[in-house]
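User: I am new to this structure and would like to learn how to read its features one at a time. Could you take me through them, giving the general idea before each case?

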Amino acid sequence: MHEYRLIGAEEVASKLGVSKGTAYRIIRDLNADMEAEGKKTIPGKVDEGKFMLTYFADLPDRGAGDER
């Protein structure tokens, strides 16, 4: 079974480098998208998978072979 994880404004803010107020707006927007898809949401929390796909889907895979 897939394990789901909800994240809050503090973690969203940290990952994106934005204020907590902006993070709450992002969470509201993502939750509105999920509700439009017929999914239930929890105010102030967002599914980590939805968040990551929305904001980091185009990043290249950072595998062990990447040089920095």
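**Reading the features of the model**

User: With which residue does K15 form a salt bridge, and how far apart are the closest N and O atoms?

Analyst: The general idea is that a side-chain nitrogen of Lys or Arg lies within 4 Å of a carboxyl oxygen of Asp or Glu. Here K15 forms such a salt bridge with E11, and their closest N and O atoms are 3.8 Å apart. The two residues, K15 and E11, are four residues apart in helix α1, so about one helical turn separates them. Before going on, please note that this is a predicted model, in which local features need pLDDT of at least 70 and side-chain atom pairs count only at pLDDT 80 or more, while totals for chains, interfaces and linings use all residues. Residues are numbered from 1 along each chain as its sequence is written, and side-chain values use heavy atoms, with hydrogens and water left out.

User: How many salt bridges does a search of the whole structure find, and which one links distant parts of the chain?

Analyst: The search of the whole structure finds six salt bridges. One of them joins E37 to K50, with the closest N and O atoms 3.2 Å apart. This pair links distant parts of the chain, since E37 sits in the loop between α2 and β2 and K50 in helix α3, 13 residues away. E37 is partly exposed at a relative accessible area of 45%, whereas K50, at 19%, counts as buried. Elsewhere, salt bridges that share partners join R5, E11, K15 and E48 into one network.

User: How many helices and strands does the protein chain have, and in what order do they run?

Analyst: Helices (H or I, at least four residues) and strands (E, at least two) are DSSP runs, numbered from the N terminus. The protein chain comes to three helices and two strands, and from the N terminus on its elements run β-α-α-β-α. Of the 68 residues in the protein chain, buried ones make up 22%.

User: How are α1 and α2 placed relative to each other?

Analyst: An axis is a line fitted to C-alpha atoms, for helices over the stretch in contact, and the angle, from 0 to 180 degrees, is taken between N-to-C directions. Under 35 degrees counts as roughly parallel, over 145 as roughly antiparallel, 65 to 115 as roughly perpendicular, and the rest as oblique. The axes of α1 (residues 9-16) and α2 (residues 20-36) come within 8 Å and cross at roughly 105°, and the two helices are therefore roughly perpendicular to each other. Contact means heavy atoms within 4.5 Å, and by that rule A9, E10, V12, A13 and L16 in α1 meet K20, A23, Y24, I26 and I27 in α2.

User: Which residues of α1 are buried, and which are exposed on the other side?

Analyst: One can look down the helix axis and take the arc of the directions from it to the C-beta atoms. In α1 the buried residues are A9, V12 and A13. They fall within an arc of 100° seen down the axis, so they line one face of the helix. On the other side of α1, E10 and S14 are exposed. The buried residues pack against β1 (6-8), α2, β2 (45-47) and α3 (48-56). After α1 comes G17, which has a positive phi, near 70°.

User: What does G8 contact, leaving aside its neighbours within four places in sequence?

Analyst: G8 lies in strand β1 and is buried, with a relative accessible area of 14%. Beyond those neighbours, G8 is in contact with I27, G44 and K45. The C-alpha atoms of G8 and I27 are separated by 7.9 Å, although the residues are 19 apart along the chain.

Notes:
Buried means under 20% relative accessible area, exposed over 50%, partly exposed in between (1.4 Å probe, protein chains only).
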